[in-house]
Amino acid sequence: MKVKIEKKSILDIDADLIIVNLFKGVKAPGGVTGIVDKAYKNIISDFVIKQEKFEGKYGSIYQLPLPKEGKRIFIAGLGEQKDFTYSKIRDLTAKIIRTCSLLKGVKKVVTILHGAGIGGMCPELCAQMITEGAISGTYAFDKYKTEKKDNNIKEFIIAETDNTKYKKAKQGVETGTVIAEAVNRARDLINESSQYLYPETLAKYAVENSGVKTTVYNKAQIKKMGMNAFLAVGQGSVHEPKFIHMEYKPEKKAKRKIAIVGKGITFDAGGLDLKPPSSMLTMRDDMSGAAAVICTMRAISELKPDVEVHALVAACENMPSGSAYKPGDVIIAKTGRSIEIDNTDAEGRVTLADALAYAEELNVDEIIDIATLTGACMVALGTVASGIMGNNEDKIKEFIKTADITGERYWQLPMFEEYGDTLKSDIADTKNTGGRMGGASAAGIFLSKFIKNTPWLHLDIAGTAFLDSANSEGIKGATGIGVRSLIKYITK
Ligand code: BES
Ligand code: MN
Ligand code: ZN
């Protein structure tokens, strides 16, 4: 499905369905909703508002069928004007499009630019949100279903007659398309069966789809690079590990340099410390961080910011086998630090230790890692927010604020020194884990030991990357979390 914008009145576009809106409490609709109301003999003010008592509650959709004219009208409730946000535009549009896609005969839908009228919001961002909502709202992972869910809607059009608003909104549609497609790509990658998605195929995907220069290192090369910690995690699998380095360099001189590092465990069985069945079930999502950075790069290649970006993935599978790494093993990581393996299921941090060390050698201004790292983070924050930690308070705050605009929520977890006490080892510089209490923070402390002095942020998306049941946005399975906030943080 494509989102387009046309410089025409909503009434002059030949569509099957018109979408207008109402803020809560409005009795006499103004703007385009008012125009549509007049054109249809006050049906909105006299019938929908007065008689049917439609109040414009946020997220409510009044469906007005007009069979004679052959056009339907939906009136979307925007809620209180003072509470309206850009994210609400995205979520509302996703809801609208899901409702529309169930209606037979609705192929072409036209909408007004929610928020940019009496709402007074930026037309570019409003259009971007509508586009994101429309494209991600129709996402379905049905490649393995014989019967596909057919989306009837082929065209979703935004109507805007004002020239200035039209121009801005057109830009918003383009940006929104790039972002939403990046999110959907990430969701596809994460939802993919680990049967087909393993380090080699993930690397191939990055080469073909990241949109930027991509170098893939094989096992022998990884060994030469001194990444023994990463190799140890992958050694129990029949699939060879791959280290993926994607790089984007702007044409102009880069304003800053960033490295983004995604955890890329294509399947986490737990290793010899095998997970119980219920915990293992969705562990194909353990490369959600990798998917986020690969798909963010694709968007970066299209949005072309003046920022140099490196995306890194240490991709491997964590399996139990005769060749698997074992509890009690001591491994020398790339930085020279020794790690005692306390639990083979705390593998993500072991791979990240080497990936972060590699990132720091790139002399970037900041490093951000994104990882489905700890069940403890999921227990603490549920599926509602992701955890954030790091060694730079200003950047943590800035990331949280930037992400919030994109509708992604991050919550800072503490990195008090004492959380590191459980990691003390009798035989090595550190253990990889020391128990379940305060597990998200302990993992954060572990990672921090592999960063010398580069500003660094760590995003724990264990709870938010994959949903067993649909959330309020109607999203189930892979969410593509991280993509929107990383793009925004890099392009800001
Ligand atoms: N991939 C898991 C974390 C995870 C849990 C992601 C649930 C998504 C949903 C990670 O590798 C892991 O197994 N962590 C262990 C660490 C423990 C052994 C210290 C955990 O959180 O249980
Ligand atoms: Mn694990
Ligand atoms: Zn894992």
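1. Domain separation. The centres of domain 1 and domain 2, taken over C-alpha atoms, are 38 Å apart in this predicted model. Domain 1 spans 2-180 and domain 2 spans 192-491; the bounds come from an automatic or database domain assignment.

2. Domain interface. 13 residues of domain 2 are in contact with 11 residues of domain 1 (contact: heavy atoms within 4.5 Å). About 1100 Å² is buried between the two domains, 55% of it from carbon and sulfur atoms. Buried area is the accessible area (1.4 Å probe) that two parts lose on being put together, summed over both.

3. Shell of ligand 1. It has 16 residues, each with a heavy atom within 4 Å of the ligand. Lys275, Asp286, Asp345, Glu347 and Gly375 come nearest. Strand E9 (256-268) and helix H12 (375-381) each supply at least two of the shell residues. Helices (H or I, at least four residues) and strands (E, at least two) are DSSP runs.

4. Polar atoms at ligand 1. A backbone N or O atom of Gly375 lies 2.6 Å from a ligand oxygen. For a side-chain N or O atom of Lys275 the distance to a ligand oxygen is 2.7 Å. For a polar side-chain atom of Lys263 it is 3.2 Å. The protein covers 82% of the 520 Å² of accessible area that ligand 1 has on its own (Shrake-Rupley method, 1.4 Å probe).

5. Conventions. Residues are numbered from 1 along each chain as its sequence is written, chains are lettered from A and ligands numbered from 1 in written order, and side-chain values use heavy atoms, without hydrogens and water. In this predicted model, local features need pLDDT of at least 70 and side-chain atom pairs count only at pLDDT 80 or more, while totals for chains, interfaces and linings use all residues.

Methods: A polar contact is a pair of N or O atoms within 3.5 Å; within protein, one must be able to donate a hydrogen and the other to accept it, and residues adjacent in sequence count only if both atoms are side-chain atoms.
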